[in-house]
Amino acid sequence: MAVDLPVTRNPASPETAAAIRAAARGAVRMRESRLAQPEDAPGLFALLSDPVVYAPIYSLPRPLTEASVATFIDQHLAERAAGEGLLFVREGEGGQVMGYSDVQVWPDWGAGELGGALHPSLHGKGAGGRGAAASFAWMFEALGLDLLCETAALTNVATQRLLDGLGFRRMGETISTRPDGTTRASLVWEMTRAEWAARHGFG
């Protein structure tokens, strides 16, 4: 992750921060996705093993193995217990993992970040854009966040178009650090709860 995120830092009240942590601790579903569990490691690894899926995402474990994915899930369960992160998986027919959502939460700033990916068979059908929009709305509503902060690689044109199209504001660039310590330059976007409500509404 980038240590300078979110860019906009408006301290949340202690009560608001506590409510955000409690909401994260209590979350078990995000739309049609459910909380990832240790037994999901093989299925999530199968999804993430495809370069089309993992290449644009800096936050995934490296090297990518079933064991490192299991650790990735365990780390997110610990983050959930602290009220600071969530990992969800989306299942298809037969229980195949068809997507995942990685939610980072900064309770003290009332902010969060969403990452994730879909199975290549779902690409190019609008599912990613619709799912991202619904997930952003969920983060504002279910977690009580006031700000979303998103990043994308300089070469990730699809995500750039998605965020621009949803009305996120470009906030410049940052350096994102991968779990193995390597870095990449990332573009940064932000959107407040009020901006989302004015543009997209809720419910």
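Helices (H or I, at least four residues) and strands (E, at least two) are DSSP runs, numbered from the N terminus. What you have open is a predicted model, where local features need pLDDT of at least 70, side-chain atom pairs count only at pLDDT 80 or more, and totals for chains, interfaces and linings use all residues. Residues are numbered from 1 along each chain as its sequence is written, and side-chain values use heavy atoms, with hydrogens and water left out.

**Stop one: R31.** Select R31 and you'll land in the loop between β1 (29-30) and β2 (33-35). Its phi is near 55 degrees, a positive value in a residue other than glycine. Most residues other than glycine have a negative phi, and most peptide bonds are trans.

**Stop two: two cis bonds.** Go to P6, in the segment before α1 (14-26). The peptide bond from L5 to P6 is cis, with omega near -5 degrees. Now jump to P63, in the loop between α3 (51-54) and α4 (66-82). Here a cis peptide bond joins R62 and P63, and omega is about 0 degrees.

**Stop three: S186.** Pick S186 in strand β8 (residues 183-192). Is S186 buried or exposed? With a relative accessible area of 0%, S186 is buried (under 20% relative accessible area; exposed is over 50%, partly exposed in between, with a 1.4 Å probe and protein chains only). Show side chains next: the one of S186 makes a polar contact with the side chain of S176 (2.8 Å), and another with the side chain of R184 (2.8 Å). A polar contact is a pair of N or O atoms within 3.5 Å; within protein, one must be able to donate a hydrogen and the other to accept it, and residues adjacent in sequence count only if both atoms are side-chain atoms.
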